[in-house]
Amino acid sequence: MPEVIFNGPAGRLEGRYQPGKEKNAPIAIILHPHPQFGGTMNNQIVYQLFYMFQQRGFTTLRFNFRSIGRSQGDFDHGSGELSDAAGALDWVQSLHPDSKSCWVAGYSFGAWIGMQLLMRRPEIEGFFSIAPQPNTYDFSFLAPCPSSGLIIHGDADRVAPEKDVNGLVEKLKLQKGILITQKTMPGANHFFTGQVDELMAECEDYLDRRLAGELVPETTAKRLR
């Protein structure tokens, strides 16, 4: 997968990028955990998500937020990192103007950034929110959440307790026109220690079913057919 350096809002950003074979292949952006707690684009879960989308023909990008690796700038508590994500999507779209749809996948801190990006970009049609932290970050901006997606977390997660994630999911499930799929993995902690393979199997199953037109509201499914 080619290493890339592209211009972001606070300087250069470092990424790994793999174009899809089809001219109009959908785009997938993968967002890493918290930059100040060891999160980078080389996180194992971020890497596996990249590979999952790449295998299914997506044009795929993962990148380091500002201040990480060779990415320039300073940590900005979320607002700058959201700008980085928007800039990364702009960069991929400039290379693939025929790409009409996009997915975003984020893990932990990256899940919070990914959901904010979702609100700003109507072309994002699906999301993966892995171990989101509604107990730490404000998710009230999801009003309404514009796309169907998967929220997956562990019932042994002490960083993002199960009850807080359940509360977020219940709020989102009240919204019409989207379908939120929730998976709670028994015994999984915030890092999915010893359970990354099971996590990826759940993500792959969800993506394959979505690509087959499933797991969306009936009206959307009819339109896709």
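Helices here are DSSP runs of H or I with at least four residues, numbered from the N terminus, and their axes are lines fitted to C-alpha atoms over the stretch in contact, with angles running from 0 to 180 degrees between N-to-C directions. This is a predicted model, in which local features need pLDDT of at least 70 and side-chain atom pairs count only at pLDDT 80 or more, while totals for chains, interfaces and linings use all residues. Residues are numbered from 1 along each chain as its sequence is written, and side-chain values use heavy atoms, with hydrogens and water left out.

Helix α2 (residues 79–95) packs against helix α3 (residues 109–120) at an angle of about 60°, and their axes lie 9 Å apart. The crossing of α2 and α3 is right-handed. On the α2 side the contact (heavy atoms within 4.5 Å) is made by Glu-81, Leu-82, Ala-85, Ala-86 and Leu-89, and on the α3 side by Phe-109, Ile-113, Gln-116, Leu-117 and Arg-120.

## Nonpolar cores

A nonpolar core is a set of buried Ala, Val, Leu, Ile, Met, Phe, Trp, Tyr and Cys residues joined through side-chain atoms within 4.5 Å, where buried means under 20% relative accessible area, exposed over 50% and partly exposed in between, with a 1.4 Å probe and protein chains only. The largest such core has 39 residues, and Leu-61, Phe-63 and Cys-145 have the most contacts inside it. Apart from this core lies another, of 27 residues, which include Phe-50, Trp-103, Phe-192 and Leu-215.

## Ala-201 in helix α5

Ala-201 is placed in helix α5 (residues 196–211) and is partly exposed, with a relative accessible area of 43%.

Key. Helix = DSSP H or I, 4+ residues; strand = E, 2+ residues; numbered from the N terminus. Left-handed = near helix turned anticlockwise from the far one by under 90°.
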